[in-house]
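Student: I am new to this structure and would like to know what the terms used for it rest on. Please set each value against its definition.

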Amino acid sequence: MKQSTAQEDLVRGIWRENPVLVQVLGLCPTLAVTNTLANSLVMGAATTFVLISSSLMVSSIRRWVPNAVRISTFILIIATFVTIADLVLQAVVPVIHKALGAFVPLIVVNCIILARQEAFASKNTVGRSLLDAVGNSAGFVMALLIMGTIRELLGSGTLLGMSVFGRHFEPWVIFVLPPGGFLTLGVMLLGANWLQERRKSAAGAA
Amino acid sequence: MGELFWILLSAMVVNNFTLAMFLGLCPFMGVSARVETALRMGAANIFVMVLTSLCAWALNTFVLPHAPYLQLISFIIVIASLVQIVEMVIKKVSPALFRALGIYLPLITTNCAILALAIFQTTRGCTLVEGLVFAVGAGLGLTLALVLMASIRESSELADIPALAKGTALVLIIAGSLSLAFMGFAGLLSGG
Amino acid sequence: MRAPAAAQSEATTAARLVKVLGGAGAVAGLAIVTAFLATKPRIEANRARAVQAAIEEVLRQPDRYETLYVVNDRLAAQPPAGADASRLEQVYLGYRGATAIGFAVTAAEAGFQDLIHLIFGYDPATGTIIGMRVLDNRETPGLGDKIVRDSGFVAEFDSVVLPLRGVKAGQGQDSPGEVHMITGATISSRAVIRIINNRIQRLRPLLDAYRAARPEAR
């Protein structure tokens, strides 16, 4: 495996290896909490906090953790940060915490986080793991925000609770319901596939 | 009895874990290509969910009243360890069963549906029996969604699908249609 | 030569594994307990504020209220010794000045999609509902969830006489127990009505017994 540059570490997660749109990880939160933009934002912030803190922690103690208890230690670390995030959200934004419900504790089993620890933070320096975590968080948050914007805009005619289309807009309620989540993400993946396909054929032609 | 039936049906179809709550999507995407594997995955899920429900009940009754902040950590550690122990026991006692379900068991541990089951059971304050019924209902619901998806994928195998849509995008769009169909179950239980 | 060395290294690894996991567990526990203690006052204040706001709304701004506990099918002003008060079923009795104006009661039953949790104020002297507020629901957005946002529907529960009876919009004879349901959300509307009727039917003997025993609560 060739050594990647710092810039690659950072950018990779945002587009070329976007955790949601390309690797199709972390689908549960991407679908479940994106019915409004505000929920998507808070979920994105909580996941970013957990991913960055866990990556920092795992990469700094990686030397002392024996292979056999590697995964258990990672899960312990992730669960600790998730518990902290859960408590802080409950104290600071109780209304949104209630709207997110069980999906805050479920950040523990968001495969993106464990995958970054296993694939990157456990093998690389603190600095590079930080870049990797920031890049992947940005990629995840980006996907959440696109989903949240589309679903809230079409499903309720609002953005962050503020009316966009005026009073005469009849919301497409289906977008804030579960089927709308599946369909929106399906169409987004089609778009991502199409972009990649186009880039590949452009590279082939050149 | 009516109450238990309500819990069972609610978890199984009206609030189906996969199609209405977006839980357990990884196996839904990953092992839904064949009906045979989907059935086995579903069976393994029901099994782990029942175990989880027992664990969560025990933790909620005996441990967590004294230390509520340990909820998440204790759930995840106890469930993961228990599944691993059960896996070893099954391997020893019944190699045939292990071959049928074994490879799915470790996959299931990190499945959000399992942890969600434990958390929902706690927030709803389920008793032991209610929790078990809830677990069976949720597990049957997952199995139902998996098998439906696998049947559709099997029969669409020879269909002429644009290369762009093959894979996850297609699965998501089929899931959207299934989810739409499952919305028809709403209102089933309100009796009005 | 190799066997004992292997055994020895195995023993040290086992000890080391336990040490690492134990250490990680201790640090994690410490971090969680710190966060828990730091956020606890605010979380509890948030919860108390939410409960208080709901009670004040459905009892129309009482001067004060007291919390009562359902113990063995009777209302008690104090939880039994040793019981965890937060796990007991609670009702709230509101006062204006020295007179009791009514009970605030929470209830939950199946709606269109899942359980609907709500709280309502009940005046036992006249057998009327004072006000109603939905606390939690997963009804269909845009249709069933109007039971929360539709101010006309919520206002229907302003001093209406029990037992409640749902009537379709534009129908009914203005009798005191009528609640006009939301067009397009009949099942959710009916569920709210049914939840309140069922709850009062079960609680009325308890509330009456408590009032009979306590002259100031009449």
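**Terms and values**

Tutor: Seven of the nine residues of strand S5 of chain C are buried, so S5(C) is largely enclosed by the rest of the structure. The model is a predicted one: local features need pLDDT of at least 70 and side-chain atom pairs count only at pLDDT 80 or more, while totals for chains, interfaces and linings use all residues. Residues are numbered from 1 along each chain as its sequence is written, and chains are lettered from A and ligands numbered from 1 in the order in which they are written.

Student: What pairs S5(C) with S6(C)?

Tutor: Seven bridges, in the antiparallel sense. In S6(C), C:Ile129 is the bridge partner of C:Tyr122. Four residues lie between the two strands of this hairpin, and C:Gly127 in the turn has a positive phi of about 65°.

Student: Why are S2(C) and S7(C) said to stand at the edges?

Tutor: The open sheet has seven strands in the order S2-S1-S3-S4-S5-S6-S7 of chain C, with antiparallel pairing. S2(C) and S7(C) each have a single partner strand, so one side of each is left without a neighbour in the sheet.

Student: Which residues is C:Phe120 in contact with?

Tutor: Contact means that the C-beta atoms of two residues, placed from the backbone, lie within 7 Å. Leaving aside neighbours within four places in sequence, the contacts of C:Phe120 include C:Val58, C:Val105, C:Ile129 and C:Ile196.

Student: What makes a set of residues a nonpolar core?

Tutor: Its members are buried Ala, Val, Leu, Ile, Met, Phe, Trp, Tyr and Cys residues joined through C-beta atoms within 7 Å. The largest such core has 165 residues, and C:Phe120 and C:Ile196 are among those that touch the most other members. Helix H8 (residues 128-155) of chain B gives the largest share of this core, twelve residues.

Student: How many residues meet between chain A and chain B, and what kinds are on the side of chain A?

Tutor: Chain A and chain B give 29 residues each to the contact. The side of chain A has 23 nonpolar, five polar and one charged. Here Ala, Val, Leu, Ile, Met, Phe, Trp, Tyr, Cys and Pro count as nonpolar, Asp, Glu, Lys and Arg as charged, and the others, Gly among them, as polar.

Student: What value does chain A have against a compact globule?

Tutor: The radius of gyration is taken over C-alpha atoms, and the globule rule is 2.2 Å times the number of residues to the power 0.38. For 206 residues a compact globule would have a value near 17 Å; chain A has 18 Å, which agrees.

Definitions and conventions. Pairing = 2+ DSSP bridges. Buried ≥ 20, exposed ≤ 12 C-beta atoms within 10 Å, placed from the backbone.
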